[in-house]
Amino acid sequence: MRPATFAAILALAATHALAQVTSIVNSPHNLSASGKGKVHASSEQEICIFCHTPHNALPIEPLWNRNLPVSAYQVYSSNSLKALPSQPTGSSKKCLSCHDGTIALGSVYSRGQTIMMSGGVTTLPPGTKNLGTDLRDDHPISFRYDSTLVTKNGKLKDPTGLPTSVHLDKNHEVQCTTCHDPHNNSKTRFLVMENTASQLCNSCHVQGVTTVANHVNCNSCHQSHSAPSGPYLLKQEKTTDTCLACHSGGNKPPQGSNVATDIKKFSTHDTSSVINLADPYPNHVTCSDCHEPHTMTNTPAVAPNVPPKYGKVNGVTSGGATLKVARYEYEVCFKCHGNKAAVQPRIPRQIVQNDLRLKFDPTAVSFHPVEVAGKNTTVPSLRPGLTTASMIYCSDCHNSDTGRKAGSSGPNGVHGSGIPGLLARRYETGDNTPESATAYALCYGCHDQNILLSDQSAFKRHRLHVVNEHAPCSACHDPHGISSAQGSITKNSHLINFDTRIVFKNFAGRLEYNSTGSRRGNCYLKCHNRTHSPESYGP
Ligand code: HEC
Ligand code: HEC
Ligand code: HEC
Ligand code: HEC
Ligand code: HEC
Ligand code: HEC
Ligand code: HEC
Ligand code: HEC
Ligand code: HEC
Ligand code: HEC
Ligand code: HEC
């Protein structure tokens, strides 16, 4: 705008009701004595003067009347950000000349003396309107938003299609004025457009589609400024608490499933840590490690596919490669339980392996069918609905003990359980456990107790060991699998991997299981002071 026109507007401002002027008069940006906001001058009558002057303006457009801040700012960063926010530039510096709280509001260039504000106010009082010089918790500004950035971040719209009210500053930069118009408060918070249904956010971001009504609005989880989490601009310091604001049950609507109870149980994914940019897969877990917050849908889960409730979350393949969008549930778990091996095995076994990728691999000696259908075609104990072609989830065994999957009514999920090992149902692993339907409820959920303990089982000696001798299933079986590099088809078929606290070498130094064909085999070992050298079973 030419200075002449601008001066004319400023001159008109005092008396004429230009739309812009009316709007500013009744807004918190009317800092004159007539201002209705909390912050205003004690006697100054002019409105525009706090920001503009028709005469003696600084050589900054539009007739700028304030010194620009010289502070060093801390700028936004995160692990997903592709933009490169610089120190504030352009119009943002104009806003920050008041909103970083370092320069007196009444300190204007055209007046010899600082304009006195009422109530002894000098700089912007502390609070949510004072952004400070730490901008790490504010929406990023002062970076180029162009098609190059869109190429790097596929979740952005091309800026050429921005609504007319949303405009970029010089050099295609996002600034405060991209979202705010300091003269027009008709949409509240000086926003350039309505944001009641996140229209403003969605004019640039395409985060994906969710079917959860309470997840649609960005401000369910995000806050544009002074966000407690810093990175990712979340409403609470921790991701978990951001989710638990709704997922704690209680009387406050909207009520999401009560996951809060689960994560306080005996065995949990420890979800209580703050965001740590130095370690994207740290030794703790947050909700967004399994649930991509923007793309969750509530259709039923079918193994081995990634449950729709996870959304488009990232993962690690069975081969160890990182994936932007996991296809299978186990790929989500392998981010932390693969070569990263977040936890040690619970039971000391003959063959030790912390990398679960190797235990479930299709080339492994034997495994529960999580990645591909199982190797054994004779599993008589399988309950109706399951066959040797079935696939199962990690979360069929690892789940809440009070969830629907465990036959109760609480939320499902690998959130926490009162049972050690984060198991959905009881699974006793101590020696000398009396057999019962509850002691091994986890296994009996899929393997019929009566068949297993009868001659119909492929191992006719189950009753002898489990019922008579009180040996737990875990004395002989590994619930996951035995890697190809460590076990052999003869010695480790049928998930045999002994618990070395219970089963020992015999006098000849042998601790072995040998499969000798379908439903037959023999063992060399010592257990409950009985020596097998060998003992055999068969049809
Ligand atoms: C609280 C500070 C503030 C006050 C008060 C203020 N303005 Fe502005 N105004 C700005 C800023 C900041 C810009 C620059 C926007 C940019 O760089 O994109 C601006 C720009 C302008 C422009 C240039 C066109 C545009 O909209 O960007 C005009 C015209 C204008 N102001 C008129 C006025 C008038 C008239 C008044 C008094 C009624 C007034 N302003 C009061 C902050 C203010
Ligand atoms: C002359 C100082 C000054 C400048 C320059 C200034 N503001 Fe403000 N702004 C204020 C004051 C004072 C308030 C009211 C604070 C309060 O009520 O606590 C305010 C309030 C706001 C609010 C909150 C409105 C509401 O509804 O509560 C927003 C948003 C805002 N300013 C954005 C901006 C943006 C964006 C710019 C730059 C384009 C800007 N301001 C420039 C002084 C300024
Ligand atoms: C990407 C859009 C965007 C950018 C860029 C942006 N803001 Fe905001 N700002 C918002 C939204 C949206 C709100 C309303 C927040 C709400 O109420 O949920 C807001 C609110 C505010 C408030 C009021 C805070 C409150 O709690 O009352 C101030 C002050 C403010 N912005 C100043 C600025 C300043 C100064 C800049 C530049 C440093 C800036 N904004 C950059 C979107 C933005
Ligand atoms: C004018 C376009 C625009 C608007 C409007 C906008 N954003 Fe952004 N936002 C961006 C761009 C561009 C980035 C940088 C993305 C990148 O570098 O990958 C960004 C970054 C972010 C980030 C940080 C991303 C990260 O990877 O750390 C969050 C969170 C965010 N925006 C949320 C919001 C929310 C919530 C709203 C609505 C209040 C909003 N944005 C409005 C353009 C916009
Ligand atoms: C249910 C809560 C929730 C809602 C609703 C939500 N977000 Fe997020 N958002 C998050 C969380 C949590 C993260 C951090 C993800 C992580 O830990 O990596 C995030 C990250 C982001 C990021 C940076 C990383 C990325 O995935 O691109 C952007 C940008 C973003 N959100 C924008 C938005 C926008 C825009 C909306 C509204 C359309 C929105 N979010 C709605 C929870 C939410
Ligand atoms: C503003 C409240 C709110 C916030 C914040 C929130 N949710 Fe939700 N969420 C709900 C409601 C309500 C439902 C639907 C009822 C239900 O299934 O619990 C829901 C459903 C879900 C579902 C199940 C989908 C379905 O329909 O069965 C998942 C998974 C979920 N939320 C995860 C999260 C995660 C992870 C976060 C944090 C990143 C989060 N939610 C933040 C309110 C919220
Ligand atoms: C972001 C990393 C991460 C992801 C993803 C993850 N976990 Fe974990 N998991 C951990 C950590 C760390 C612990 C240990 C928590 C503690 O001690 O509080 C753990 C603990 C466990 C435990 C309890 C072990 C014990 O000895 O009590 C089980 C079972 C488990 N996870 C299974 C899973 C399954 C199944 C998945 C996939 C659906 C999964 N985890 C995804 C990191 C992760
Ligand atoms: C058939 C049931 C079952 C399936 C399927 C299953 N687990 Fe387990 N898992 C268990 C049992 C039982 C334990 C604890 C007792 C034991 O080791 O005998 C356990 C222990 C764990 C532990 C604790 C450390 C360890 O190695 O003992 C982690 C972590 C774990 N499982 C993750 C997973 C992941 C990830 C998957 C899917 C890739 C998975 N589990 C699939 C039953 C299962
Ligand atoms: C969610 C259902 C499910 C649960 C729970 C389950 N299993 Fe299985 N199990 C299967 C399926 C399906 C097969 C068939 C795989 C095949 O054909 O090789 C199987 C096969 C087996 C086999 C034979 C493997 C082979 O290669 O010969 C053993 C041994 C076994 N399970 C033990 C257990 C034990 C011990 C538990 C309790 C910790 C358990 N299962 C819990 C579904 C389950
Ligand atoms: C280790 C992976 C994992 C983590 C971490 C995780 N969840 Fe889940 N979540 C699941 C699984 C598995 C389901 C069940 C999915 C299904 O059955 O479709 C689930 C389901 C849910 C549901 C829907 C409940 C239902 O009954 O269907 C909600 C709500 C939910 N999670 C919220 C959260 C919140 C909040 C957090 C953080 C405190 C969180 N989740 C952390 C794995 C996880
Ligand atoms: C003393 C060692 C031992 C104990 C204890 C044991 N098993 Fe087995 N189990 C075996 C052997 C050996 C086989 C392989 C039989 C064959 O096919 O040759 C087997 C096979 C199986 C099979 C696949 C064949 C079938 O009949 O369906 C299942 C399922 C199974 N066991 C489950 C269990 C469960 C559940 C427990 C605990 C309640 C348990 N086992 C306790 C040694 C044991």
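Start at ligand 8: one of its nitrogen atoms sits 2.8 Å from an N or O atom in the side chain of H480. That is a polar contact (a pair of N or O atoms within 3.5 Å; within protein, one must be able to donate a hydrogen and the other to accept it, and residues adjacent in sequence count only if both atoms are side-chain atoms). This is a predicted model: local features need pLDDT of at least 70, side-chain atom pairs count only at pLDDT 80 or more, and totals for chains, interfaces and linings use all residues. Residues are numbered from 1 along each chain as its sequence is written, chains are lettered from A and ligands numbered from 1 in the order written, and side-chain values use heavy atoms, without hydrogens or water.

**Stop 1: around ligand 8**

Select H398. An N or O atom in its side chain is 2.8 Å from a nitrogen atom of ligand 8. Now pick R349. There, a polar side-chain atom lies 2.9 Å from an oxygen atom of ligand 8.

For ligand 8 you get 24 residues; R349, C394, C397, H398 and H480 come nearest. Colour by class: 17 are nonpolar, five polar and two charged. Here Ala, Val, Leu, Ile, Met, Phe, Trp, Tyr, Cys and Pro count as nonpolar, Asp, Glu, Lys and Arg as charged, and the others, Gly among them, as polar.

Switch to cartoon. α9 (329-337), α10 (356-360) and α11 (394-397) each give at least two residues to the shell around ligand 8. The largest share, four residues, comes from α9. Helices are DSSP runs (H or I, at least four residues), numbered from the N terminus.

**Stop 2: around ligand 9**

Select H494. A polar side-chain atom of H494 is 2.7 Å from an oxygen atom of ligand 9. For H447, a polar side-chain atom lies 2.8 Å from a nitrogen atom of ligand 9. K375 uses its backbone: an N or O atom there is 3.2 Å from an oxygen atom of ligand 9. α11 and α12 (441-444) are the elements that give two or more residues to this shell.

The shell around ligand 9 has 20 residues, with H368, N376, C443, C446 and H447 nearest. They divide into 10 nonpolar, eight polar and two charged.

**Stop 3: L200**

Select L200. Not counting residues up to four places away in sequence, L200 touches V166, C179, L191, V192, M193, E194 and N195. Contact means heavy atoms within 4.5 Å.

Definitions and conventions: A residue is near a molecule or strand if one of its heavy atoms lies within 4 Å of it.
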